[in-house]
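Below is a short report on one protein chain. It covers a sheet, a helix and a pocket.

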Amino acid sequence: MVDETYIMADPGDDSDLLLTTDHPESMKTLAWARRYKNARVFCCQSGHDNQVFADPNFRTVIARGIQWLAGRI
């Protein structure tokens with residue numbers, strides 16, 4: 001996927017890393033999931049323009065994240 005770079009705090013050791021980058025100007029983890037108490041949490045930093053939205057890989061990450069949140073996978 002082609003997208004802008006991101007800088008945020010790392011997701012933490014209790015997170016499952018789903019999407020990473022080796023771009024030197026970006027944070028390493030771009031998507032992650034974890035449980036918090038009885039809730040499921042999914043975070044995806046990527047996706048700020050049509051170039052990303054049109055990428056089938058991005059759509060797969062988002063679709064699977066939503067399915068996991070819904071308890072379907």
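Across which strands does helix H2 lie? Helix H2 (residues 56–69) lies across S2 and S3, and runs at about 170 degrees to S3.

## Basis

This is a predicted model, in which local features need pLDDT of at least 70 and side-chain atom pairs count only at pLDDT 80 or more, while totals for chains, interfaces and linings use all residues. Residues are numbered from 1 along each chain as its sequence is written, and side-chain values use heavy atoms, with hydrogens and water left out.

Helices (H or I, at least four residues) and strands (E, at least two) are DSSP runs numbered from the N terminus. Contact means heavy atoms within 4.5 Å. Axes are lines fitted to C-alpha atoms, for helices over the stretch in contact, with angles from 0 to 180 degrees between N-to-C directions.

## Sheet

An open sheet is formed by 3 strands in the order S1-S2-S3, with antiparallel pairing (two strands pair if DSSP finds at least two bridges between them). Strand S1 (16–20) and strand S3 (39–44) are the edge strands, each pairing on one side only. On average, neighbouring strands of this sheet are turned by 10 degrees against each other, direction ignored.

S1 is joined to strand S2 (residues 29–36) by 4 bridges. Threonine 20 has threonine 29 in S2 as its bridge partner.

## Second largest pocket

The lining of the second largest pocket takes its largest share, 4 residues, from H2. S1 and H2 are the elements that give two or more residues to this lining.
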